[in-house]
Amino acid sequence: MSSQPRHTAFDEAMNLIQQDKKERLEMLTRVEKEIDRVTKGTLAAQLTALSALKTDLLVKSELNDPAVRQNFENNKVDMSKPVYRYLSQRQFNNFLRPKLLERVTQMSVVPDLVDVGVQPQVQINVQLPNQSFEPGDIVTPDLTTSLPTINITNYHTDSRLYTILLVDPDSPDVTNKTYQQYCHWMITNVELSATESQVQGGQTVLAYQPPHPQKGTKKHRYTWIAYEQPTKIDVTPMSRDGFNTKAFAQQHSLVTRGVNFVRQQWDASVSDIYKDILGIQEPIYGKPPKVEHYIQRHVYI
Amino acid sequence: MSTQSSGSGDNRVDMIRRVLFESPQRPQSAPLEGDALQQHETIERAWKLHIMRERERRQRSLEKQFRSLHVAMTELEKTSDRLFKGASVKSRHITYPKQAKIPTDTPSTKVWDYSYKALSDAL
């Protein structure tokens with residue numbers, strides 16, 4: 001006896017989704033014909049409207065498919081397809097970006113390194129060995145001794161040039177008794193698109209120097225910033241001390257596209273970094289000696 | 001606060017207290033997982049899609065009706081002024097529904113008038 005499958009609500013749902021997909025794809029063929037017709041006539045506004053409609057149809061025809069949704073849940077995204085780009089961007093806009101902005105404002109990364117009102121458009125995913133972190137998490141310095149792989153999740157299909165740098169705004173400046181920015185790493189002319197998200201190639205302006213929060217200082221905020229370049233730029237290596245991200249961005253007309261940061265404080269691994277990698281004497285900071293304001297009077301017996 | 005701990009009354013007060021303030025800890029209904037969750041979400045999405053399509057179909061039908069009416073009225077405006085005014089204005093003679101029921105204390109003996117015929121607006 002053959003087991004007849006019951007006609008469930010799920011079957012009905014799948015039928016409707018398939019029917020909707022078919023209708024949208026039919027509409028898509030008509031839109032594509034219209035686009036071909038319009039490009040010959042060169043009407044810019046109409047063309048953009050039609051292209052928007054095309055991507056909308058491509059996205060919505062696949063959006064309700066449970067297979068697509070499951071792939072996205074399991075992080076098996078194919079960024080060449082508009083659906084996955086849409087889902088990824090929506091997740092970023094609704095969940096990841098607000099949290100990032102909250103952390104970045106709370107820990108004052110925003111006025112210090114990045115202009116107020118900057119909306120991040122891309123995600124900077126730094127892969128630390130055996131640890132995933134949220135922006136602003138406290139991390140041990142031994143995790144960042146070697147250059148971590150960075151993936152910049154973006155949503156544009158065309159290839160654009162990016163500049164990425166790692167800055168520490170809490171580096172001590174002894175002469176001026178204040179803090180200064182210290183650039184640990186800078187790489188320019190990196191070609192990135194939605195399908196090529198890993199940071200590779202490009203020109204390293206400043207070689208990677210691992211974060212080394214000095215003993216006696218408070219938690220340092222090690223910030224990764226991703227800038228979009230208008231054209232290919234040529235940056236001469238500058239000094240790491242006294243760096244100014246805003247001035248640098250303005251000088252080369254860079255647009256801030258992504259931010260991420262991590263907090264670190266001194267521990268024993270930093271001494272190893274100083275000894276092995278930096279090769280200089282480890283500085284130890286402390287509070288200045290207390291000044292006696294009041295002279296003690298005689299004690300009346 | 002005086003506390004009277006008498007043996008005979010204790011049980012009753014404790015029981016009342018238990019009934020009022022302690023809720024029995026029942027295990028929560030098992031949340032959906034895996035395939036069942038996927039199917040549930042698909043069904044929910046398909047329902048919303050269905051509602052959206054119905055709404056858009058209704059909207060398109062209404063828009064079509066309005067457009068055809070608009071075309072007809074512009075044509076009529078050019079043709080005849082009197083007919084146009086007559087077509088655009090509803091009857092001004094009936095301002096209050098004469099057939100409305102006045103609320104009474106007790107229901108009427110005649111429950112429903114099956115032979116009622118509404119007045120047609122022949123204008």
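**Close-up 1. The salt bridge between A:D20 and B:R53 in the predicted model.** In this predicted model, A:D20 forms a salt bridge with B:R53, and the closest N and O atoms of the pair are 3.0 Å apart. Because A:D20 lies in helix 1 (residues 9-41) of chain A while B:R53 lies in helix 2 (residues 34-79) of chain B, the pair joins two chains. Side chains of opposite charge can pair when their charged atoms come close. A search of the whole structure finds 21 salt bridges over all chains, and the count between chain B and chain A is two.

**Close-up 2. The interface between chain B and chain A.** Here 10 residues of chain B are in contact with 14 residues of chain A. The size of an interface is often given as the accessible area lost when the parts come together. For chain B and chain A the buried area is about 1,100 Å², and carbon and sulfur atoms give 62% of that area. On the side of chain B, the residues B:R45, B:L49 and B:R53 supply 46% of the area that this chain buries against chain A, which is more than any other three residues supply. One of these three, B:R53, is also the residue that forms the salt bridge with A:D20.

**Close-up 3. The two domains of chain A and the contact between them.** The domain assignment of chain A gives domain 1, covering residues 8-89, and domain 2, covering residues 111-278. The centres of these two domains of chain A, taken over C-alpha atoms, are separated by 37 Å. Where the domains meet, five residues of domain 1 are in contact with seven residues of domain 2, and the area buried between them is about 510 Å², of which carbon and sulfur atoms give 67%. Of the area that domain 1 buries against domain 2, A:M79, A:R85 and A:Q89 supply 78%, more than any other three residues. The count of salt bridges between domain 1 and domain 2 of chain A is zero.

**Close-up 4. The crossing of helix 2 and helix 4 in chain A.** The axes of helix 2 (residues 44-63) and helix 4 (residues 82-106) of chain A come within 8 Å and cross at roughly 85 degrees, and the two helices are therefore roughly perpendicular to each other. At this crossing, A:L58, A:V59, A:E62 and A:L63 in helix 2 meet A:P82, A:V83, A:Y86 and A:L87 in helix 4. By class, the contact between these helices of chain A has seven nonpolar residues, no polar residues and one charged residue.

Note on methods
Residues numbered from 1 in each chain as written. Chains lettered and ligands numbered in written order. Predicted model: local features only at pLDDT ≥ 70, side-chain atom pairs only at ≥ 80, totals over all residues. Heavy atoms only, no water. Axes fitted to C-alpha atoms, helices over the stretch in contact; angles between N-to-C directions. Helix = DSSP H or I, 4+ residues; strand = E, 2+ residues; numbered from the N terminus. Parallel < 35°, antiparallel > 145°, perpendicular 65-115°, else oblique. Contact = heavy atoms within 4.5 Å. Nonpolar A, V, L, I, M, F, W, Y, C, P; charged D, E, K, R; others polar. Domains from an automatic or database assignment. Buried area = accessible area lost by both parts, 1.4 Å probe. Salt bridge = Lys/Arg side-chain N within 4 Å of Asp/Glu carboxyl O.
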